[in-house]
Amino acid sequence: QVQLEESGGGMALAGDSLRLSCVASTRTFSTTAMGWFRQAPGREREFVATSNWSGVKEYYADAVKGRFTFSRDNGKNTIYLQMNSLKPEDTAVYYCAADPYNYCSGGGCTVPGEYKYWGQGTQVAVSS
């Protein structure tokens, strides 16, 4: 069982920045696939960002590429999502996801079904 606790959401104006954090309660964090997803009202949950286990290779949805940065600190069991140049269309509940021992073929897992554990979500609201 992996518990995930997200923080850092809130309200922002277009162009602002926010940083999300997610702490995972697991002894095997360094071999756990971790990712960020989001879900806007009336829409399906969608992939935002992830990396491989070491954090060297990062993967992003086209909608956030160049604006968001994913990072993971294996020493702190934490992943981050630095969100810059926020847009109103970034408004959503952001979820942290984890799947222990999932190597994601050496890359990043970008499909919600690849993750077993989910955080409670943190709301991000961006106004113009």
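Is Thr110 buried, exposed or partly exposed? In this predicted model, Thr110 is partly exposed, with a relative accessible area of 33%.

## Thr110 and its contacts

Thr110 sits in the loop that runs between strand 9 and strand 10 (117-118). Leaving aside residues up to four places away in sequence, Thr110 touches Phe37, Phe47 and Thr50. Phe37 is 73 residues away from Thr110 along the chain, yet their C-alpha atoms are separated by 8.7 Å.

Strand 11 covers residues 122-127, and its side chains alternate between two faces. Thr122, Val124 and Val126 point to one face and are buried.

Strand 11 is joined to strand 2 (residues 10-13) by four bridges, and the two run parallel. In this pairing, Met11 has Ala125 of strand 11 as its bridge partner. Strand 11 is also joined to strand 9 (residues 92-100), here by three bridges and in an antiparallel arrangement. Val93 stands opposite Gln123 of strand 11.

## Salt bridges

How many salt bridges does the structure hold? There are four. One of them links the side chains of Arg38 and Glu46, at 2.6 Å from N to O. Arg38 is buried, with a relative accessible area of 6%, whereas Glu46 is partly exposed at 29%. Buried means under 20% relative accessible area, and partly exposed is the range between that and 50%, so Arg38 and Glu46 fall into separate classes.

Another salt bridge brings together the side chains of Lys65 and Asp62, at 3.1 Å from N to O. Asp62 is exposed, with a relative accessible area of 66%.

## The Asp90 and Arg67 pair

The side chains of Asp90 and Arg67 also meet in a salt bridge, at 2.7 Å from N to O. Asp90 lies in the loop between strand 8 (78-83) and strand 9, and Arg67 lies in the loop between strand 6 (58-60) and strand 7 (68-73), so this pair ties together parts that are 23 residues apart in sequence. Both residues, Asp90 and Arg67, are buried.

Which residues do salt bridges with shared partners join into one network? They are Arg38, Glu46, Arg67 and Asp90.

Conventions. Residues numbered from 1 in each chain as written. Predicted model: local features only at pLDDT ≥ 70, side-chain atom pairs only at ≥ 80, totals over all residues. Heavy atoms only, no water. Buried < 20%, exposed > 50% of the residue type's maximum accessible area, 1.4 Å probe, protein only. Pairing = 2+ DSSP bridges. Contact = heavy atoms within 4.5 Å.
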